[in-house]
Amino acid sequence: MAYIAPIHRPSSIRHALKLSFLAPEEDCLVVAKANRLEFYTQNADGLSLQHSKAIYGKVTMLQKLRPALSPTDHLFVGTDRFTYFTLSWNPDKKQAQTEKTFESVADNAAREAQTGERCHVDPTGRFMTVEVYEGIVTVIPLVQRGKKRKQETDIAHLGDPQPCRLSEIFVRSSAFLRPRKPTDDKPKLALLYENTNSQVQLRIRELASAGDSIELEDGVRCKEDLELGASHVIPIEQPTFGLVVIGETSIGYYNDASGKLTTEPLDEATIFVAWAQVDAQRFVLADDYGRLYLFMLEVDDQKQYQSWKLDVIGQTSRASVLVYLDAGHVFIGSHQGDSQVVRISAGSIDIVQTFSNIAPILDFTIMDMGNRSGEGQTNEYSSGQARIVTGSGAYQDGSLRSVRSGVGLEDLGVLGEMDLISNLFSLASNPSSQHVDTLLVTFVNESRVFRFDPQGEVEEVDEFAGLNLTETTLAAANVSHGRLVQITNKRVRITDLDGGMTVSEWVPSGGQSITAASTNSSDVLVSLGGLTVVALDIDNGLSVVREKMFGIDSQVACVALSADFASTCFLGFWNSSRLSVCSTATLEPTCTVQISEDSVPRSLLLTQIFPNQHPTLFAAMADGNVVTYSFDVANNNLSGRKSIVLGTREATFRPLSCGNGLYNVFAICEHPSLIHGSKGRLVCSAVTAEKATAVCPFNSEAYPGAVAIATSEDLRIALVDTERTTHVQTLKVDETVRRIAYSPSLKAFGLGTIKRILKGGEETLLSHFKLVDEIQFKELDTWPLKEEELVECVMRCELPDGSGDVAERFVLGTAYLDDQNATAERGRILILEVTHDRQLKLVTELAVKGGCRCLAFCEGRIVAALIKTIVVYDVEYRSESKPTLVKGASFRCSTAPVDITVNGPYIAIADLMKSVAVLQYQRGDTGLPDKLNEVARHYQTAWATAVAEVAEDTYLESDAEGNLMLLYREPNGVTDDDKRRLNVSGEMLLGEMVNRIRRIDVATTPDAVVVPRAFIATVEGSIYLFALIAPSHQNLLMTLQSNLAELVHAPGDIPFAKYRAFKNQVREAEEPFRFVDGELVERFLDVDESVQGRAVEGLGVDVESVKELVEELRRLH
């Protein structure tokens, strides 16, 4: 049983459209990211997301329709499962609703269009054409319902689709011509196609309808020859009308009235990939190299076409789609780079907004995947400490992306390099001000003060309001009447802000040291060596309210006062891990609980997390656990104990105000976290504040809502995001990062890159291996490959160094572009070492007769997947200076290996056409050769793309059609056939092609619902967490998924079971098999209570239990 949930949703944009969808006469932009639709509106800063919706299918086309009486446009959506529907916006429900759904009636035996799916609406608004299959155009009549039928909502009614067969098979581009006269009642469809002789031609067909029958009449064919690189036809509006034909070396204008094509050559050949119309005569074009052009038609005095003009206006990401917004703003949707909004100015462009895109993910690796132990442990990725580093993009858009989970910090400024900071306190020098302006920084044996002016300028002052700066400060705060209270390890002092005079001071008797302290507006609570607790009254000159001895047997570990409940204090004890609620006046306990049997409390905080609920008490335990209680103020009772693991050592707490009397809690430990309330529950999110040692709120005039954060290296001011998200950091490489390997011992990445250079209209590819620092992502060294040689695979491993030890090495596999002419050498295997000065040095190389597609490491040997063969190589030192790669064993694959994974002596091969085979490597004894024997195989046909072993004898495979299959082997099967067969234990359609699967090993608790086993990266920029479901929860999650599939509907009314059902060219299933879609299951938390109640029917558990279970699943990522 398998579970899969998205860590990073798809970010590639292939389709986008501008329409008036959300409001009348107000344009919005809809973009499609795989199976998600996002709606944006434009403002002064760029685009703002207004609505997002997941649909059951990958979006392949978008088009807009305007019904006769509808105030807004309707959106036509087509999916990869040949399901089509229209959506409209319901302003009352603030939701997109389905108007019409239908499936294509074209012949399923027809071949899908190789040049992409297209959809057009004719200018008269009577017909829509859909091109999905080669040689077939499906025409959909757009029937407008008249005003006479007032009892029905007036919407656009889509008629029954009618397929029209064409002789034009390989259509590259199509468009409806703009009618020259209002009386032209036959829409004209232009088809740019390649005929059977590989010649590119242009034909204009007329769409004729008689009754219910629709035909595309032959029309006319352009007699002039078109260049072989012609790729797009652009319809032109009045006054010129006609078509523009875009090619690689020329651009032509076709006059549909005369049937004449006028062509002019380009100054420099290029490959155009997208266009958008600015006005009747100007267009924006984009090419394959990321250049943006302004194309303009020039007309004569009679408003007839005369010529055209093309100017390069800037460099952007490589566009997949262009949409002209308004006022010179253009949206550039990209599949292989960041999507952008640019502003066109005189001869140049300005980038207004950037949308991060990590697609396509060609390879990835995992950094710092550590394990933790303890009750309630969550997956390491959700801690934010594990980074997924991806090789993303292509060519000039190539980059390294660091993907991690957590609450982000936006740095506003760095005060300077400082270390050994133990605590921070924010103070206001003006008691009437709503903002703070002073930062008290505490060190081991001193304190320092920094003052900020309203513009944010900062200076350090030697004295401030009479504070003692020669001692370490335990607590400090503004109190009433313009005073400050400061508690150090030796004294408690109240000073006056105006003159800096000491108003009152209390010093422990007998030279006792203050070891713990807390303060609010009226009281101070201190612990003297853990043996005595003293309560002091601030308003009465620090007079002792109560002093109580606790003795050796019940030493106090921590103390806390509440800002809102002055009469109550909290004490944590070393002995028996007790926590007591006490009266501040008497220090007598009114309630005592035992927090833990294994650890002791070290820090306490009471604050209001949830509105209209009891405040929450936080207790940080010495072992890294954080225990929370709900505190009943009326009865002084603690209840509702919960526990979260943050790390391995105690945390310190700071409340951060989020308005309306509510707070988030910033917890500082080795994994800094932000604890906040979400839908009545506590959520713990990692914070991207590495090496943080102290934090405090710093709501100053220059930096409203900011925090001050001290790390082991510096002190900075930052803004904290409100909720946990996936954070992506980018390092531009400007080359395709095809392969990536990570060496923790070398603290470096090894990157296999491909660079594309365009000279004189000719492309040249150069490939390199780069060594990059893990922290700064700085390039340390580069190893160039030979001309026409491309890197295919990279791995790190420990190999013999010739002295009897092993050393870290990077191993590269390459292939030659022109491998047809190479007879003896079609690729190489290179072993590189990293020297002490972090430079690359060649250890040895081996020429191979086939390109080396994959590499792995098996029992001290290098496993190489060549074009058709798996070969095991041993590294032997026949001389002390240079090792040799010696062939030990080989195995011939069915077709070609595309991926391999190794566990122990077993090697799993993902075959190009023949799914997965498992080999066993056996070393030869006493002079006998090594052996590679096939021990199991999956006998179904599958075009595999990646494989990984996710458990013992269990393999996760992906194929080129977007399916996932979980295969298992029975080594103890009854018959030999049972032992040799890989059986399917689960399968589903992911809907995205997977490029890489990486196994992970994360320690989980015995009662964990699922066990994370792998990360999955796709072409569309998605990253998924794959997990195996514990047997005790399999039926529950499967039943919950089935119930939710019936209750939660997606736009288009497409059944969930059909959407996720396995589908390839050979067979199609009815529903996913033993696979749980985490995205659907987690929607349980978002639906209303009535739906939740129906969803848990038949599960044998209540809604609250399912909520907790689903929240645990959500916390995994």
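**Exercise 1.** Determine which elements the buried residues of helix 6 pack against.

*Solution.* The buried residues of helix 6 pack against strand 1 (2–8), strand 58 (681–686), strand 84 (1010–1018), helix 2 (1034–1047), helix 4 (1078–1081) and helix 5 (1089–1095). Helices (H or I, at least four residues) and strands (E, at least two) are DSSP runs, numbered from the N terminus; contact means heavy atoms within 4.5 Å. The model is predicted: local features need pLDDT of at least 70, side-chain atom pairs count only at pLDDT 80 or more, and totals for chains, interfaces and linings use all residues. Residues are numbered from 1 along each chain as its sequence is written, and side-chain values use heavy atoms, with hydrogens and water left out.

**Exercise 2.** Describe the packing of helix 2 and helix 6.

*Solution.* First, the two helices pack at an angle of about 95°, their axes 13 Å apart. Helix 2 is therefore roughly perpendicular to helix 6 (65 to 115 degrees). Next, Leu 1036, Leu 1037 and Leu 1040 of helix 2 meet Val 1106, Leu 1109, Val 1110 and Leu 1113 of helix 6.

Conventions: Axes are lines fitted to C-alpha atoms, for helices over the stretch in contact, and angles run from 0 to 180 degrees between N-to-C directions. Angles under 35 degrees count as roughly parallel, over 145 as roughly antiparallel, 65 to 115 as roughly perpendicular and the rest as oblique.
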